[in-house]
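Here are a few exercises to work through with the model open in your viewer. Try each task before reading its solution.

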Amino acid sequence: MSFLSDLSRAVQSLVDDYLLPRTCPVCGGPLSADDDAMCVKCLIEMPVCRERGVSLIDSRDVISNAAMPIALVEVLMMYDPTSKYAHLIRGAKYYDRPQLAYDMGKLFGQELLMRQYKADQITPRQIDVLLPMPMYRTKKFLRGYNQSEEIARGLAQVLGCAVGDNLVAVRPHKTQTRLSYSERAKNIKDSFSVRHAEELTGLNVAIVDDIITTGASMGEALMALSWSNAAVSTASLFSLGLTVRHG
């Protein structure tokens, strides 16, 4: 088994170094065989989000009206569209890079395990199932993958939990990118539903998305979970990025 592992690593190094060299999506420099999402230098300088909790979500009224306790609201990095680090989320989302989304999920999981939590708090290790932010079937067909699913898969690999498909998109909606807070809330309203809610009974669940701007999508997903009568123990919200608020 060790021989096969070493052989596989050697072949991968040959491909990476000579046939199809991998580059860092942040700085464009070469990646070594041990690098996943980005090079070590960019990883060290990454603008990690130090903020935590429901204050990250503008739609806190939605959070407070949820039918289940909110355990954790965690974000990996600050997202500024003018920053070179924006390529991490843009690449994972728009440029056919599901592997990058998966690698960023793993990185997020490793970061979560290093964070400190109060004695009476749920910890990431206690999350039972991750629910990726769903994508309507036509959009997923056109893109070829759902980046939130890939992020969740990477997270699950590190946290040792499951990835569920209970949260589903029941109608299409236009992109949220250039919409105001009120427009985002209206655009996303009634977009999600929960199937087989009984499977989530008594579990600590976490909704996973790629980026939080106002939190409208996260809030709507959370309300869908509430309306489904899924008797979850706690709900958490995990996102790769938090949009930097200017002004």
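**Exercise 1.** Find where Ser228 is placed, and list its contacts.

*Solution.* Start with the secondary structure, where helices (H or I, at least four residues) and strands (E, at least two) are DSSP runs numbered from the N terminus. Ser228 belongs to the loop between α9 (216-227) and β7 (234-243). Next, look for a polar contact, which is a pair of N or O atoms within 3.5 Å; within protein, one must be able to donate a hydrogen and the other to accept it, and residues adjacent in sequence count only if both atoms are side-chain atoms. A polar side-chain atom of Ser228 lies 2.7 Å from the backbone oxygen of Leu225. Finally, leaving out residues up to four places away in sequence, Ser228 touches Val194 and Ala197 (contact means heavy atoms within 4.5 Å).

A note before going on: this is a predicted model, in which local features need pLDDT of at least 70 and side-chain atom pairs count only at pLDDT 80 or more, while totals for chains, interfaces and linings use all residues. Residues are numbered from 1 along each chain as its sequence is written, and side-chain values use heavy atoms, with hydrogens and water left out.

**Exercise 2.** Search the whole structure for aromatic pairs and classify what you find.

*Solution.* Rings of Phe, Tyr and Trp (its six-membered ring) pair if their centres lie within 6.5 Å; planes under 30 degrees apart are stacked, over 60 edge-to-face, and the rest tilted. The search gives one pair. The ring centres of Phe108 and Phe238 are 6.0 Å apart and the planes meet at 70°, so the pair is edge-to-face. Phe108 sits in helix α5 and Phe238 in strand β7, 130 residues apart. Now check burial (buried means under 20% relative accessible area, exposed over 50%, partly exposed in between, with a 1.4 Å probe and protein chains only). Phe108 is buried at 0%, and Phe238 is also buried at 0%.

**Exercise 3.** How many disulfides does the structure hold?

*Solution.* Apply the cut-off: a disulfide is a pair of cysteine sulfur atoms within 2.5 Å. The count is zero. For Cys24, the nearest cysteine sulfur is that of Cys27, 3.8 Å away. Cys24 is buried, at 3% relative accessibility, and Cys49 is buried at 1%.

**Exercise 4.** Which ring does the charged end of Arg52 sit over?

*Solution.* The test asks for NZ of Lys or CZ of Arg within 6 Å of the ring centre and within 35 degrees of the ring normal. The ring is that of Tyr117, with the charged end of Arg52 at 4.7 Å from its centre.
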